[in-house]
Amino acid sequence: MNNLKRLLRQESVWIPIISIVIGIVIGAIVMLIGGYDPLLAYSSLVQKIFGSVYDVGETLRQIVPLILAGLAVAIAFRGGMFNIGVEGQIVMGSLGALMVGNMIDLPPIIHGIVAIIVGALFGGIWGALVAIFKVKRGLNEVISCIMLNWIALYISHITIKAFMAEAGTSRSQMIHDSASIQIQWLSDLFNGARIHWGFFIVIFILIGYYYYMNRTKWGYELRAVGYNKHAAEYAGMNVSSIAIRTFFISGAIGGLIGTFEVLGVFKYMAIAANTSGTGFDGIAVALLGMNSALGVFLSSTLFGALYYGAQGMSFGADVPPEVIKMVISIIIFFAAAPGAIRMFIKMFKRKSKREEG
Amino acid sequence: MAQPETVLELKGITKRFGEVVANEDISFALKKGEIHALLGENGAGKSTLMNIVFGLYQPTEGSIWVNGQEVLMDTPNRAIDLGIGMVHQHFKLVQPFTVTENIILGMEPKSGLRTDLKSASSKIRQLSEQYGLNVDPSAKIENISVGMQQRVEILKTLYRGADIVILDEPTAVLTPQEITELLAIMKRLASEGKSIIIITHKLKEIMEVADTCTIIRRGRVIDSVVVKDSSPRELAEKMVGREVRFKTDKSAADPKQPILSVKDLKVRGDNGQMAVDGLSFQVRAGEIVGVAGVDGNGQAELIEALTGMRRVEEGEIDLDGVNVVNKTPRVVGQSGMSHIPQDRHKHGLVLDFTVPENAILQTYYKPELTKGGLMDHNAAVSLAEKYVKSFDIRIPGLDVPVRAMSGGNQQKLIIAREIDRRPKVLIAAQPTRGLDVGAIEFVHKELIAERNNGKGVLLVSFELEEIMNVADRIIVLFNGQIVGETYPDQTNDQELGLMMAGRRQGGDSN
Ligand SMILES: Nc1ncnc2c1ncn2[C@@H]1O[C@H](COP(=O)(O)OP(=O)(O)OP(=O)(O)O)[C@@H](O)[C@H]1O
Ligand SMILES: [Mg+2]
């Protein structure tokens, strides 16, 4: 209880909360101007999320990749680097999982585990490449990330077409049933929502992220490098290898997103013209969640719920789902420009002080 | 006779950070045309008080009066509007910009839509001449010296119309020559009617320029004295509340075998030139070798090369029988080298880490602190507590970022950590920069104790007084080379000064 009080006294905690409120309020105002009923819109949004067990399950399914994307971005942020290559790492993770799931025969359970490990590895290696280019050749990670995103996409196209093409469609063949990580009985319980083992693995990863960052020597090194590279060097840390390690982990988490989607949700990989965008959502999640495990969990829950609930909004109140995109953008805007909110807090504080005195 | 008017008055200022009381019921008055020094131990609350005057912090209690009017100082912009300027210890300049661009940043004069650089730069030139600042408005910040950058900061406050200029430890980063020049500039400003508040730990400077000195101890004003009726001894005693010694007692050195041998060392600076150009010297166990010299003559590069942070082009570094040329900082450290870095914010500390996290910065990976990758938080905390206790470090709390510590206490934390590594050789670069007289005395004692324990100490300092007081042997660096070697009892400030200007020992000019 005391801890909670202390937490709430910190300004940094209020910034995301106020951002969210502002986003929702501005969203409502825009709906009013557009002639929609914001109350109906928001209530149908909430109804959509909690309307049925199926919807709850599907909302959760929406949240899982966001948590992972948020963590992938957050770990790089904490190390003072920017991973906007999660998109590519997702693709490589999907591809790795698909190859194991489709091209290899293994007994059930083992098949899934191997596919998950390979998917994470593919993503991790793809991420590590970014850091290797950075430390060996001084290439800015933003540039290499974007290039690697496209390279990953085309590698996946080529590989699928060459080895796993499903004739007459623009997608791959399905993975073997033995590689599926869907939890059938739970899915049945949730009326068919696609629930998979990734849900539980994600919880482990969240806790693991917290421990890694705050309790292990590797997390200590990572934070030191992120805060002050010069001091880290002075302290005898190998800044280059820490960067590579960090990007490997970041990429592996990114890879798991694709892995879970392939093994637990879709069972195949589409030959799409573009990447999914989940990696970019991760930037917003990490930002709003202030790169902490709990923050990422909360903010991805919010975004996932909003995304999923937006469908209900257009259904129930005829509001275009783009409004929710706008609300999310406003939240991100204020979370990223905390100066505006700080001013707000300061004004508020001064006022309440005057009233006291 | 008309009394000079009071331009700034603080009444009953109290500032609390959570449970920490940084300022308590402080009253303070600044007169027009006065140079007013603030003196106090590390962590006494000087910077906090000035940050309140400049609108960076809000006082918990008390009021601020400018020219007889009570004001609400809620932002630095308000302070600037009221004619108050502040030069922080860490400059806030944009390196690739010119002097003019930096000065007008944020308040660019416009003619139509375009920025009117011409009129700005002529105004800057005129101000610079008026106060004898000697600043070239078109020079780029990255190309001018630290002392010059500081003058740009002063000029910036003047350009914005400051009548009250606050300088927070301005001389800590300057060479003796630059200090003399700064003091002259301050007098000039005061004679033109500007009022100046200067924070400094150097009593000599206070005696030289200040009219009044206000002494703060643990957040409270102890006294405000007229400087010309006082003495350094009185000031120091008021400040620490006990008698202080100015000269460190030390027994004669008893040097043993060489423990650090440097031979024909060549190291490049950032610009690619040889910054260390064929240095050879030795430090013996049980000896403090002082490296004297004007900043920028290869000291930084020498230290970085010795500690593994910069590539050695040629030469040998032998640390008690181990060749440490081009080894990583970790390996060099493990071979027995400790390093108190010159720039504590850049290298010495991670400012966003807590006290325990900084206490373990060099040793976090050792089995006492980490087992199987998991760090032992309690061990780090007890280490930090040990340092805090044995070095009298004043902190607002263990689990706050060291950013919230006063500058001098940050330095003490680094020194405690580096000495605790039980090195064979301790490299101390400007170890007392920003420390109060009491703390300086303490650090000097520690360095001498290390030497008495048979360690080799390499003391790099730009302050002759420190070198003369503490070193057993002195080498003088100029242009990356050693131009002289002497002993404190066989030389004097004049001779050292000449050598530091490049005159080789024995008289032949270089
Ligand atoms: N933001 C902050 N949060 C918490 N405590 C703070 C903060 N800023 C300063 N303090 C505390 O207030 C006290 C006064 O600090 P201040 O920086 O004013 O000292 P100072 O007199 O300038 O010392 P120095 O000579 O070492 O620079 C210290 O105990 C410091 O730790
Ligand atoms: Mg200070």
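**Legends to views of predicted chain A**

**View 1. Spans annotated as transmembrane in chain A.** In an unreviewed entry, UniProt lists residues 12-36, 59-77, 84-104, 110-133, 195-213, 283-308 and 323-345 of chain A under "transmembrane region". The coordinates shown with these annotated spans are those of a predicted model, in which chain A has 16 helices and 0 strands.

**View 2. Overall dimensions and packing of chain A.** The C-alpha atoms of chain A fill a box of roughly 75 × 60 × 35 Å along the principal axes. The radius of gyration of chain A is 22 Å, which agrees with the value near 21 Å that a compact globule of 357 residues would have. Of these 357 residues, 49% are buried, and among the contacts between residues at least 6 apart in sequence, 77% join residues at least 24 apart.

**View 3. Surface and charged side chains of chain A.** The accessible surface of chain A comes to about 16900 Å², and carbon and sulfur atoms account for 68% of that area. Chain A carries 26 positive and 18 negative side chains, and the centres of these two sets are 14 Å apart.

Definitions and conventions:
Residues numbered from 1 in each chain as written. Chains lettered and ligands numbered in written order. Predicted model: local features only at pLDDT ≥ 70, side-chain atom pairs only at ≥ 80, totals over all residues. Heavy atoms only, no water. Helix = DSSP H or I, 4+ residues; strand = E, 2+ residues; numbered from the N terminus. Rg over C-alpha atoms; globule rule 2.2 N^0.38 Å. Buried < 20%, exposed > 50% of the residue type's maximum accessible area, 1.4 Å probe, protein only. Contact = heavy atoms within 4.5 Å. Areas by Shrake-Rupley, 256 points an atom, 1.4 Å probe, with all protein chains shown as cover. Lys, Arg positive; Asp, Glu negative; His and termini not counted. Charge placed at Lys NZ, Arg CZ, Asp CG, Glu CD. UniProt positions renumbered as here; feature names shortened; annotations may be inferred.
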